Amino acid sequence: MHPANDVGRNVEFNLEVAKTVFGKWSVDILTLIYAHKTLGYQEILHALPGMSGRVLSDKLSRLQELGLVHREVLDTKPPRVQYSFTEKGLRVAKLGEPVFLYLRFTEGLLFLVKDEEAAVR
């Protein structure tokens, strides 16, 4: 295999990661996971009014495919799912930290509804 082929594949992959991360809703999802370390599907959906469950599922699946987010099915009744960053996802999130901080102060995205009520007290 020629090294130039590897470089081309890496560039394509990096562009795909960038398109996904900066696509609609992805930054919001990543901001929430970054702030809370681990979040359930319903917590993410509840924190982002206006986003449908199907869109959230699609976005989370894509973030998983790219190796940025880890999905864990909990052994509960009923089963619950939690999302957290992979090592690669955490590295990408660290690069996006200024964006996340901006969203925290302008959009309140680092708080879930119950956290927001506690923060006001």
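## Overall organisation

Within the chain, 54% of the contacts with a separation of 6 or more are made by residues 24 or more positions apart. The model is a predicted one. Its chain has 7 helices and 3 strands, and reading from the N terminus the elements follow the order α-α-β-α-α-β-β-α-α-α. The chain has 121 residues, of which 33% count as buried.

## Helix α4

Helix α4 takes in residues 53–65. With 13 residues at 1.5 Å a residue, α4 should span 18 Å, and this agrees with its end C-alpha atoms, which are 18 Å apart.

L56, L60 and L63 are the buried residues of α4. They lie on the same side of α4, because the arc they cover around the axis is only 60°. R54 and E65, on the other side of α4, are exposed. Just after the helix comes G67, which takes a positive phi of about 80°.

## Contact between α2 and α4

A pair of packed helices is described by two quantities, the angle between the axes and the distance between them. Helix α2 covers residues 26–36. The axes of α2 and α4 come within 10 Å and cross at roughly 70°. Angles of 65 to 115 degrees count as roughly perpendicular, so α2 is roughly perpendicular to α4.

On the α2 side, the residues in this contact are S26, I29 and L30. On the α4 side they are L56, K59, L60 and L63. Sorted by class, the contact has 5 nonpolar residues, 1 polar and 1 charged.

## S84 in strand β3

Strand β3 is made up of residues 80–85, and S84 is placed in this strand. The relative accessibility of S84 is 17%. Buried means under 20%, so S84 counts as buried.

Leaving aside residues up to four places away in sequence, S84 touches I33, K37, T38, L68, V69 and H70. One of these, I33, falls within the range of α2, residues 26–36.

Methods:
Residues are numbered from 1 along each chain as its sequence is written. This is a predicted model: local features need pLDDT of at least 70, side-chain atom pairs count only at pLDDT 80 or more; totals for chains, interfaces and linings use all residues. Side-chain values use heavy atoms; hydrogens and water are left out. Helices (H or I, at least four residues) and strands (E, at least two) are DSSP runs, numbered from the N terminus. The expected span of a helix is 1.5 Å times one less than its number of residues. Buried means under 20% relative accessible area, exposed over 50%, partly exposed in between (1.4 Å probe, protein chains only). The arc is that of the directions from the helix axis to the C-beta atoms. Axes are lines fitted to C-alpha atoms, for helices over the stretch in contact, and angles run from 0 to 180 degrees between N-to-C directions. Angles under 35 degrees count as roughly parallel, over 145 as roughly antiparallel, 65 to 115 as roughly perpendicular and the rest as oblique. Contact means heavy atoms within 4.5 Å. Ala, Val, Leu, Ile, Met, Phe, Trp, Tyr, Cys and Pro count as nonpolar, Asp, Glu, Lys and Arg as charged, and the others, Gly among them, as polar.
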